[in-house]
Each structure stands twice: as C-alpha cells, then as structure tokens.
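Me: Got a structure to go through with you. Can we start with the aromatics?

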Amino acid sequence: MFGCQCFQWSRIADSLPPDMETFSLPAPIPTCPQGEGFASGVINIGELEVLQISRFEFVWGSNLSRDKKKGVTFYKPVGIPNGFFGLGHYCQPNNQPLQGYVLVAREVACSNPQATQIFNSDKFPALRKPLDYTLLWSPDDGSQENNDSCGYFWLPQPPEGYKAMGFVVTDKPEKPELDEVRCVRADLTDSCETHHLMFKTSSKLSKLPFRVWSLRPCHRGMLGKGIPIGTFFCSSYWNHREEPNIVCLKNLNPSLHAMPNLDQIHALIKHYGPTVFFHPNESYLPSSVEWFFKNGALLHQKSEPNGQAIDTEGSNLPNGGKNDGKYWIDLPSGDKKTSLKSGNLESAKLYVHVKPALGGTFTDIAMWVFCPFNGPATLKVGLMNIALNKIGQHVGDWEHFTLRISNFTGELWSMYFSQHSGGVWVNACDLEFIEGNKSIVYSSRSGHASFPHPGSYLQGSSKLGVGIRNDAARSNLYVDSSIQYEIVGAEYLGDGVVAEPCWLQYMREWGPTIVYDSRSELDRMISFLPAMFRYSVQNMFNKFPLELSGEEGPTGPKEKKNWEGDERW
C-alpha cells in the first residue's frame with residue numbers, strides 16, 4: 001500500500017509489551033478537603049463534560065531497530081463509561097513507563113435556557129460521528145507476509161462545522177467503525193500545535209516518510225482556554241508553518257469549578273511539596289524576602305545618591321507600574337554586605353503562586369525561591385574548570401519550579417525545572433522522590449538553577465565539553481517546601497482570598513545594573529588555554545547569555561512572563 005519492509009513492526013497483543021512498565025506514584029493520591037469540583041473525575045467545560053482515561057489496549061507498535069526502547073506504541077482507550085465517547089487514540093515512546101491519558105467527552109443537557117442560548121444558539125449537537133475515514137499512512141506494501149504486522153492510521157472526516165480531535169489506529173486494513181470516535185463542533189474547539197517529535201522514519205526505510213508528534217494547545221497559560229486531548233498528530237508530508245488538521249478542546253465554562261480551593265491547595269502542597277537541596281559547597285544560600293529587607297537591603301532611586309532602608313513588609317517599595325529603570329535594590333556596604341550575600345537558610349521559604357493550566361484541567365503550583373546573591377560562574381573547558389571572578393554574579397536571584405497537578409484526579413503529573421534562560425518539564429515517572437510523593441529539586445551551586453537529579457550540567461556545548469558548569473548535589477542544606485512556604489497568589493480564587501505581600505507588586509529590579517568589561521577577563525583566560533580549545537571557546541562565549549557580560553538584578557516573580565503565561569518549553 002504505502003510500502004515498508006525494512007524496520008521492525010509489531011502488532012501482536014502479547015507483544016504489548018507484556019513487559020511494558022506502567023507508572024504510579026510512590027504513595028496513594030491524597031484525599032483533599034471537600035470542594036466544588038477538584039479531583040472529582042469529571043470536568044464541565046461548557047456544553048461538554050470530559051473525563052480522563054488512562055487505561056489502554058495495545059493496537060500496534062513500531063521501532064527502528066530491535067531495541068524496543070527506541071520505538072513508539074499506539075493504544076486505544078478502554079473502560080469508557082456509558083454516555084462518554086472517545087476522541088482519538090494515544091501514542092507514547094517506549095523509553096518510559098506508560099503514563100498518559102486521553103480525554104473522552106459527553107454532551108451536557110443544559111437546564112439553563114440562557115446558557116443554552118450562549119453556548120449553542122443553533123442547537124446543533126456538540127458531538128457527532130465522523131462521516132468517513134481517510135487512510136493517512138501504513139507500512140503495508142500489499143504483500144501477505146506484511147499484512148499481519150502493519151498499522152493503519154486513519155483521519156476522521158468530520159461533518160461540516162465540526163473538527164476531528166485525534167487519529168484512529170488499527171492493525172487491519174478495514175476502516176474503523178464510525179462509532180469509534182466523535183468529532184466536536186468547531187466553536188467548542190481551540191487550535192493546537194505540534195510539540196515533541198516522538199517518532200520518524202526515513203526515506204531509506206519507507207516509500208513515504210512518517211512522523212509522529214505530541215500536541216499542545218496554542219493558547220496556554222493562566223488565561224488560556226485550550227485543553228489537550230492527549231492524542232497525537234502524524235503525517236507523511238507536513239510543513240510546520242501549516243496548522244495541524246487536529247484540534248483541541250476549549251473550556252467555555254468561566255467558573256473553573258475544577259480548580260482547588262484554598263484548603264485543597266494547602267493539602268496538595270503538604271502532600272507534594274518537594275525538598276530543595278543546595279550544593280554542599282554553596283556560599284550563596286536563600287533567605288526569606290523579609291530577612292533580606294530587615295538585614296540591610298536598600299532601595300535606590302535614579303539621581304538619588306543614597307539608598308533608602310526597606311521596611312520588612314516592603315510597604316515603602318514603589319508599587320505597580322513597569323520596570324522603567326528608575327528604581328533598584330542593592331546591598332549595603334561593609335560587613336552587612338558580606339552577611340547578606342550569604343543568605344539565611346533558617347528564614348528561607350518557597351513563595352507559591354497557584355494558577356489554572358491547560359484550560360483549567362490542571363493546576364500549576366509555581367514555587368519561587370529567593371536568594372540575596374547569585375554567585376560567579378565556573379567555566380568548564382574539556383577537563384579544566386576555571387572559576388570566574390565576576391562573570392555571572394548579580395544581586396537578587398529569583399528561581400522557581402512548578403508542580404503540574406491533574407484537576408481530574410489530584411495526581412502530580414509533571415514538574416517544570418527552571419534553568420537560567422530556559423527550563424524543562426519532567427514527567428512524574430522521571431522524578432526522584434524522597435518521602436511518599438514528595439520529590440527532590442536540586443539547586444545548582446552559585447546560580448541556583450533547578451534540576452531533577454544530581455550531577456554536573458553544562459550550559460554550552462556538551463559535544464565540545466565547553467560551557468558554564470551547573471553542579472547539583474544533595475547535602476544537609478535544604479528547604480522543605482511542604483512546610484516552609486507562603487501562598488502569595490491565586491487570582492482565580494477571587495479578590496481577598498489570598499493576601500499578596502507588598503513586595504510582590506514591586507516591578508523593578510532586585511539588583512543594580514553593572515556593566516563591566518567581561519571580555520578582557522575572558523580573553524585573558526583564553527590566552528592560557530591549549531590552542532586546540534581557543535577557537536571553540538571563543539565561539540561559545542559569543543553564544544552565552546547577556547547576564548554573563550555584566551550584573552543585572554532580576555525583576556520579581558510577578559514581572560515574569562510565566563506569572564500569567566505558560567512555562568518556557
């Protein structure tokens with residue numbers, strides 16, 4: 001049919017991975033205090049109710065070698081309750097335990113005539129069967145030998161005014177039943193985009209190339225309404241500038257009834273709150289903001305010669321506005337400066353911002369840690385480690401990590417680890433747990449970037465072995481975020497439910513801007529390197545972030561794009 005005989009395919013049910021490992025958290029999911037809709041299993045998103053299905057039946061698998069870990073497996077959801085309908089099938093790489101979901105949906109009979117008019121003025125059903133299926137791709141070359149080991153990828157053809165939500169995979173050439181999935185009325189959907197490339201064949205192995213991606217909503221963050229279905233996108237010929245022919249759902253229920261209330265938030269933090277370990281040789285530890293102010297931090301104003309003491313609550317800081325460069329915070333001089341740089345672990349706490357994610361089907365618990373000082377960087381060149389004098393240091397350091405929790409079940413799904421100018425999401429199955437369902441965050445030495453495991457991480461070129469070192473290790477220097485925390489923001493709960501501290505409204509820099517000739521220090525250091533490294537190191541320096549060419553204090557959490565927006569991933 002499309003033709004491919006050159007790599008390994010599997011479809012036999014007992015090759016589903018009877019050895020396929022599934023993941024569950026180390027301890028049971030917590031029982032939260034009662035609330036409206038959090039962890040109730042079903043979420044109302046307007047004209048639809050959706051349910052998370054994480055039980056699957058193996059359909060077909062593929063891999064490019066005899067190493068099963070390098071392939072992907074396709075599944076159909078099973079155990080769908082009566083009245084709910086599937087929207088598409090699921091795909092997951094074989095190099096991780098089975099931990100995934102797809103959403104199923106049912107139409108809601110609305111008893112409110114006004115809501116009916118708002119949501120569905122034409123009274124077309126929210127869900128309809130596809131009219132037909134189009135075969136998108138198969139490795140079947142038409143031979144009887146391969147016919148029993150091939151997968152077939154079908155795109156539902158929606159009725160006019162409806163959208164397909166996912167692909168259907170079969171292990172036979174016959175079209176799927178029309179009742180296999182439903183299409184959704186277009187006004188109840190939102191656009192999505194491809195994310196991770198999970199699998200691809202090459203033209204050498206197949207007459208038609210084939211690629212499989214995970215999907216995510218285009219509109220994410222605190223105000224985003226897009227809801228991922230958990231399905232995948234696949235194509236033989238597709239340009240990234242084109243919009244996928246698969247969409248996601250849209251949450252049209254403004255109540256966000258599945259978000260946790262304040263009591264439930266506290267219960268989640270106490271159950272899932274990670275322990276943050278600092279490097280055993282860390283010189284610049286965290287502190288509370290209050291300790292920082294109380295022990296000598298000064299507010300400076302442009303054109304004013306002297307700094308002004310900041311009261312413990314930060315009530316005399318300029319409030320609101322934007323970072324216009326007119327104000328900044330700095331350290332005092334003398335012994336107080338040295339003391340303040342070192343931080344104060346006993347006072348340290350995590351500052352928590354809770355917000356809706358993925359259309360209100362998940363809760364993001366962002367935990368911010370404050371360090372009075374970010375230390376200078378260490379450069380790695382091959383086997384050499386060179387401590388830099390000033391490059392990378394600055395006053396005031398805000399770093400964070402984020403727990404993403406399912407509003408269907410209350411289960412910790414993944415964590416985001418912020419790392420300087422970027423970061424990474426890590427699935428729960430790849431986290432390191434210290435007690436029950438409490439994971440570990442490793443804060444890198446001097447720079448305080450967050451990592452899921454101990455080790456030495458290179459910000460630069462791992463191929464060349466050149467870059468800035470980020471060393472992370474366990475020690476007796478730690479903060480337990482399940483105990484030492486303060487909730488500073490949860491806008492969806494309404495005004496007055498969470499009292500924001502005064503300093504959170506300070507939108508200017510938490511350290512001075514100092515520009516220095518970092519190039520001279522770097523050039524002097526390069527001159528002592530072996531000739532074989534010099535050219536590579538010079539090229540790498542040109543790619544390093546701007547923060548390495550001077551000192552510039554960061555803005556506070558609320559000025560960051562990810563306060564309202566999604567994390568950078």
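Me: Which residues do ring pairs link into a cluster?
Reply: Ring pairs link W60, F74, W137, F153, F167, F210, W213, F232 and F233. Rings of Phe, Tyr and Trp (its six-membered ring) pair if their centres lie within 6.5 Å; planes under 30 degrees apart count as stacked, over 60 as edge-to-face and the rest as tilted. This is a predicted model: local features need pLDDT of at least 70, side-chain atom pairs count only at pLDDT 80 or more, and totals for chains, interfaces and linings use all residues. Residues are numbered from 1 along each chain as its sequence is written, and side-chain values use heavy atoms, with hydrogens and water left out.

Me: How many aromatic pairs does the count come to?
Reply: The count is 33 aromatic pairs. In one of them, F292 and F293 have ring centres 6.0 Å apart and planes at 40°, so the pair is tilted.

Me: F292, buried or exposed?
Reply: Buried, at 0% relative accessibility. F293 is buried too, at 2%. Buried means under 20% relative accessible area, exposed over 50%, partly exposed in between (1.4 Å probe, protein chains only).

Me: And what about the whole chain, what percentage counts as buried?
Reply: Of its 569 residues, 56%.

Me: New topic. Which charged end sits over the ring of F85?
Reply: That of R182, 3.9 Å from the ring centre. K341 has its charged end over the ring of F373, 4.4 Å from the centre. The rule: NZ of Lys or CZ of Arg within 6 Å of the ring centre and within 35 degrees of the ring normal.
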